[in-house]
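Biologist: Before we turn to details, could you take me through how to read a fold such as this one, feature by feature?
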Amino acid sequence: MPAKPKESRVQEQRRQVLAAVRAVPPGQVAGYGEIARRAGLPGLARLVARILSAGDEPGLPWHRVLRSDGRIAFPAGSPEFDEQVQRLRAEGVRVEAGRVRGQRAAPSLDEILWSPPD
């Protein structure tokens, strides 16, 4: 039986990003940069955006991924913007003026390790 072909670096990065997006629980959000970090690709937020922009992955909870400041990346009033707002609200996420309110970004590893206890 022939060996399974090794996945290319691009395929591996795509797989890692999609897995990180799928891991965001309903009712929670993450920024593009946070998804990149969770995928083991720190500093590659634009790669995350590029992979998600393909829109070729059925069932992917893309709507849970936002800009680092909590804003929706699509232009206000666009069909994509309206769909993302609708999906987030259906999961109980508070969205006001195109920005998610009331959620903190997930802590970085440095914050987990070095922050004083609560």
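Modeller: Let us start with the order of the elements, keeping in mind that this is a predicted model. From the N terminus on, the protein chain runs α-β-α-α-β-α-β-β-α, which amounts to five helices and four strands.

Biologist: What percentage of the residues of the protein chain count as buried, and what percentage of the contacts between residues at least 6 apart in sequence join residues at least 24 apart?

Modeller: Of the 118 residues in the protein chain, 31% count as buried. Among the contacts between residues at least 6 apart in sequence, 55% join residues at least 24 apart.

Biologist: How should I read the packing of two helices, and at what angle do the axes of helix 1 and helix 3 cross?

Modeller: Two packed helices are described by the angle between their axes and by the distance between those axes. Here the axes of helix 1, residues 9-22, and helix 3, residues 45-53, come within 10 Å and cross at roughly 85°. Angles from 65 to 115 degrees count as roughly perpendicular, and helix 1 and helix 3 are therefore roughly perpendicular to each other.

Biologist: Which residues of helix 1 and helix 3 meet?

Modeller: From helix 1, the residues Q13, R14, V17, L18 and V21 meet L47, V48, I51 and L52 of helix 3. By class, this contact of helix 1 with helix 3 has seven nonpolar residues, one polar and one charged.

Biologist: Which helix supplies the largest share of the lining of the largest pocket?

Modeller: That share, four residues, comes from helix 3, while helix 1, helix 3 and helix 4 (79-90) each supply at least two residues of the lining.

Biologist: Finally, is A23 buried or exposed, and where is A23 found?

Modeller: A23 is found in the loop between helix 1 and strand 1 (30-31). Exposed means over 50% relative accessible area, and A23, with a relative accessible area of 55%, is exposed. A23 and I35 are twelve residues apart in sequence and 9.5 Å apart in space, C-alpha to C-alpha.

Terms used. Residues are numbered from 1 along each chain as its sequence is written. This is a predicted model: local features need pLDDT of at least 70, side-chain atom pairs count only at pLDDT 80 or more; totals for chains, interfaces and linings use all residues. Side-chain values use heavy atoms; hydrogens and water are left out. Axes are lines fitted to C-alpha atoms, for helices over the stretch in contact, and angles run from 0 to 180 degrees between N-to-C directions. Angles under 35 degrees count as roughly parallel, over 145 as roughly antiparallel, 65 to 115 as roughly perpendicular and the rest as oblique. Contact means heavy atoms within 4.5 Å. Ala, Val, Leu, Ile, Met, Phe, Trp, Tyr, Cys and Pro count as nonpolar, Asp, Glu, Lys and Arg as charged, and the others, Gly among them, as polar. Buried means under 20% relative accessible area, exposed over 50%, partly exposed in between (1.4 Å probe, protein chains only).
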